[in-house]
Amino acid sequence: MTLLVAEGLTIVIGGRQIVHGIDFFIEAGRSLALVGASGSGKSQTCLAPFGLSAATVTGSFLFDDVELVGAGEEKLRHIRGRDIGFVFQQPLTALTPHLTIGAQLREAWTQAGAQRPSRAEMAAALDRVGLDRPGERLDQYPHRLSGGQRQRALIAMAIAHKPRLLVADEPTTALDAVLRTEIMALLRRLTVEQGMAMLLVSHELATVAHHADDVAVLHDGRIVESGPARQILGAPKSDYARALIAASPRLDGPAPILGPAGAPLIEARDVAVSFARPGWRSGRLEAVAGVDLDIAEGEAVAIVGGSGSGKSTLARAIARLGPIDSGEVRWRGAPLPSRKSMRPHNRAGLQPVFQDPVASLDPLWRVRDIVAEPLRQLRPDLVDAAVAARVEKMLAEVGLDPALANRRPSGLSGGQAQRVAIARALSPDPALLLLDEATSALDVLVAGTILDLLGELQRRRGLSILMITHDLAVARRLCHRIVVMDAGMIVEEGPTERLIETPRHEVTRRLVEASR
Amino acid sequence: MFDLIRRRLLTALPTLAAVIILSFILMRVAPGGPFDGERPLDPQTREALMSAYGLDKPLHEQITLYITNLLRGDFGPSLVYRDFTVTDLIARGLPVSLTLGGLALLLALILGLGAGLTTAARAGSRIDHGIMLGATLLTALPSFVVGPLLALLFGLWTGWLPVSGWGDGDARHMILPVIALALPAAGAIAKLARAGLAEVLGQDHIRMARARGMRWSRILIVHALRPALIPVASYLGPAAAGMLTGAVVIETVFALPGLGRYFVQGALNRDYPLVLGVVTLYAGLIILFNLLADLAYGWLDPRARL
Amino acid sequence: MLVLAAIAFTALLGPLAIDWRYDAIDWNAVHAAPFSPGHLLGTDSVGRDLLARTLVGTRVTLGVAAAAALVALVVGVAWGAVAGWCGGRIDEAMMRIVDALYALPFMFVVILLMVVFGRSILLVFIGIGLVEWLTMARVVRGQMLALRERPFVTAAEAAGAPPVTIILRHMLPNLAGVAIAYLLLTIPQVVMIESFLSFLGLGVQEPMTSLGILIKDGADDMDMAPHALLLPGVVMVTLLLCLTRLGEKLRDRFTL
């Protein structure tokens, strides 16, 4: 039986048409993944027909033979409440902060008119989505739960009323690689157990294809290719799908060519960082517990770990851009001064690129001044003309049109903004680039091109790279060596290929598994 | 919770002491004194008066003495109302002021939250724009305009309600002053509640609740209202302060025997102990309201709980 | 915005265009009705031209308000910026002070000051400015804390910019929008306080005038001559409405 049929579905939002008459269907109990870059209209496709966005929908959208296009809010509300469960991207904010998990689960349970569940029933529901200590969780407020735990709770709520269709809009995008795999597997298991159909929306073709029956690839509001997941992943017909697959870093792709490594550049010994516990509770949280890390000239090293593993804190402590409790960092054999006493010549060798490309550029500055900032501070010997010439050269080197130099960050796309950030980092000719999740906020295709650019820069300039990421496959694409962190400690490190082929530690094995 | 109260009290007490000492010093260093009346007193009488009221002692001794007495509930004698102690005057004025302020705060909350909910539920409609314009107008109108205006409309012209005096707590005497005092605060609360709701309604958890197919009214009350009240709670302290200053005006306009009147009289007549007493009391009240606001936070947002 | 500019402009230049000075008494026309010859909007109970008085009053009120708001701006931004930048213990201590001051019945301290040191416009706006900086300091601190977490600030540190440069070139410019918004929102507060003081007879002194005094005078005999309340009332309410609207718009646009 066909549960959902979309025909000529067209969506207009704010006067702009973003979905241009697409067709797809879902059989009862099967799952379809809509895959596309941001702006392809995939999220609107799964929200607008159900009345969850301000967009105007035309065409046809039949759910269980009921036409939803043109249906009133009251009717849509009933259908949503009775037959459909929703899971969204942001688990951190999707729970009402002032109601306990139990209260919200009870509300979801009874939304279609079911009997009030007993505590035992609710605890069992939480247990089924893999939430530990379910009985305790019922009385907790959302802020006590981590992102992964909240997403599990939200999934429990989404399926509590036994819907026939589960709509999951980027359910794992905000989670780290290991959690991603776990949550996808959970969703897959639940749909099979409950005989639910699933409409899954994601920008990651490779990940999603393992967990859905069918895939439809969306590009600029049109479906460019659709069919069984295995077929699309194995033998994509359209160029766009091929490009998407090629861009997603995988562990079994061809090994990248890396430049040679030389003498030690950074030697960090016994680095420890702790934070005061949030709120007024006493005590400190140990984020990094006595870690050693070496990086050689021309070597690219990745620190890989889940969220909260301390990888970012460690990198910032070494780069003197974050707090540090104790430990020594040597730069080309000489000790690096503390954060407050860093002089321009100390700073020049080590430049960072951050995750959120737009937030890492001052919104009021022009691209030209942003790229020139490190030069003005770190290279006072350069005259204005020399600075200008260098800015132009840097922009060309990262593949940006020099005409962008007069724009402000708000006028740049995510990929362009990240290139500006890279140009700024490279402008003082650093020996080491710190990449803090530098590609994880970007679309797959854009992230792919940025990774290519970084690899090329690494080879050409003999740059050292310290890369922070939660994704082994991304690390493999750029790095000689991988360091795996968990709970503030290094649990395993080794050459990239060895570590991926024969992981020794449990955490590494899980990370490898997650990137397959 | 108790920890929070204790912590707040720890900062409140020094604040209170600072208010007292600051006001005390200000009054003493000011030129002119309570006995500088129309005709100059002869030096001997003056000296006798000064020593009788302890004004000839060194400043720090006066302060210590004052605070010690305060702890026993003794605000000292009034210098102008010679037959009364300040404690007497406060005992007379406080009930009037508290009734007035309390009722006005309640009314302001009811009106403001009602208006906030109504407008947020119909965001963008004419009702929304109308009510919000009204609310902005109310916050822009001084209470000494609203007061006489109300008096004129409902008192003098229509004769429905009494416009002056307390009538020994007769409810009808209270209606106009309470409304006049409540309206500006109601406007401010309406605006805060409306803005708070608008922000909360744009958040993910509201979309989640909508996806669950819940009725709009239920979403508004169960999922949106509590977080939206946080700005209203933080306004509680300033609102209380506003009520107290507003009361000074309203009590004058409607000729009510409240604390505000005593304060103005006291300030104009340089009746030190009276002014000091009222200021101390007001500071205490404001601190109390800020504490209540802090406690309200905890209820509104579990993340703020310790 | 236009209305605001028009009011400010008229208040500045208007008095030049009118035959009557704000304190001149026309004995022939006490309590004149609006549109009587020579007095477009009539006179008050002692025969002073209302239009002239309103214009001058607006000027005084706006002047006091602007000056007080500026005091609040300078003190508030400096305090908030230092607290927000330093963070930790210093921030904690500085914000405790603000909290403590918030708990003061400041209106009364200002009144005390007025009573004690006599009335002067200077004192009025210094006093008011000292009350109003608290909100500004809180807002600026909050913005500073939010800005400090922004990666572009870390990037500037990595680029070798010393703290002073980071504050001056990155943080303060990004704060300016919010600060200006709150500056505009402070002005209505100041106008209200000024009028409140005037009501108590503690504002500027006769024969000088201000909107607050005019409204109080008008309110006193509003059953006799409602027009005397109407003009200053309308000016004041329009002024406050415009400032509030503009300030709120700016605030919503710039708050992080």
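Me: How much accessible surface does chain C have, and what share belongs to carbon and sulfur atoms?
Reply: Accessible areas here come from the Shrake-Rupley method with a 1.4 Å probe. The model is a predicted one. For chain C the accessible surface comes to about 10800 Å². Of that surface, the share belonging to carbon and sulfur atoms is 68%.

Me: What pattern does chain C follow along the sequence?
Reply: Chain C has zero strands and nine helices. Read along the sequence, the pattern is therefore written with helix symbols, a helix being a DSSP run of H or I with at least four residues. For chain C the pattern is α-α-α-α-α-α-α-α-α.

Me: What percentage of the residues in chain C is buried?
Reply: A residue counts as buried under 20% relative accessible area. Chain C has 256 residues, and the buried ones make up 55%.

Me: Which strands are the edge strands of the open sheet in chain A?
Reply: The sheet has four strands in the order S12-S11-S14-S15, with antiparallel pairing. An edge strand pairs on one side only, and in chain A this applies to strand S12 (284–296) and strand S15 (334–335).

Me: Which residue is the bridge partner of A:Ala272 in S14(A)?
Reply: Strand S11 (residues 264–276) and strand S14 (residues 326–331) of chain A run antiparallel and are joined by five bridges. In S14(A), A:Ala272 has as its bridge partner A:Ser326.

Me: Which helix of chain A packs on the sheet, and what angle does its direction make with that of S11(A)?
Reply: Helix H11 (residues 311–318) of chain A packs there, touching S11, S12 and S14 of chain A. The direction of H11 makes with that of S11(A) an angle of about 120 degrees.

Technical notes:
Residues are numbered from 1 along each chain as its sequence is written. Chains are lettered from A and ligands numbered from 1 in the order in which they are written. This is a predicted model: local features need pLDDT of at least 70, side-chain atom pairs count only at pLDDT 80 or more; totals for chains, interfaces and linings use all residues. Side-chain values use heavy atoms; hydrogens and water are left out. Helices (H or I, at least four residues) and strands (E, at least two) are DSSP runs, numbered from the N terminus. Buried means under 20% relative accessible area, exposed over 50%, partly exposed in between (1.4 Å probe, protein chains only). Two strands pair if DSSP finds at least two bridges between them. Contact means heavy atoms within 4.5 Å. Axes are lines fitted to C-alpha atoms, for helices over the stretch in contact, and angles run from 0 to 180 degrees between N-to-C directions.
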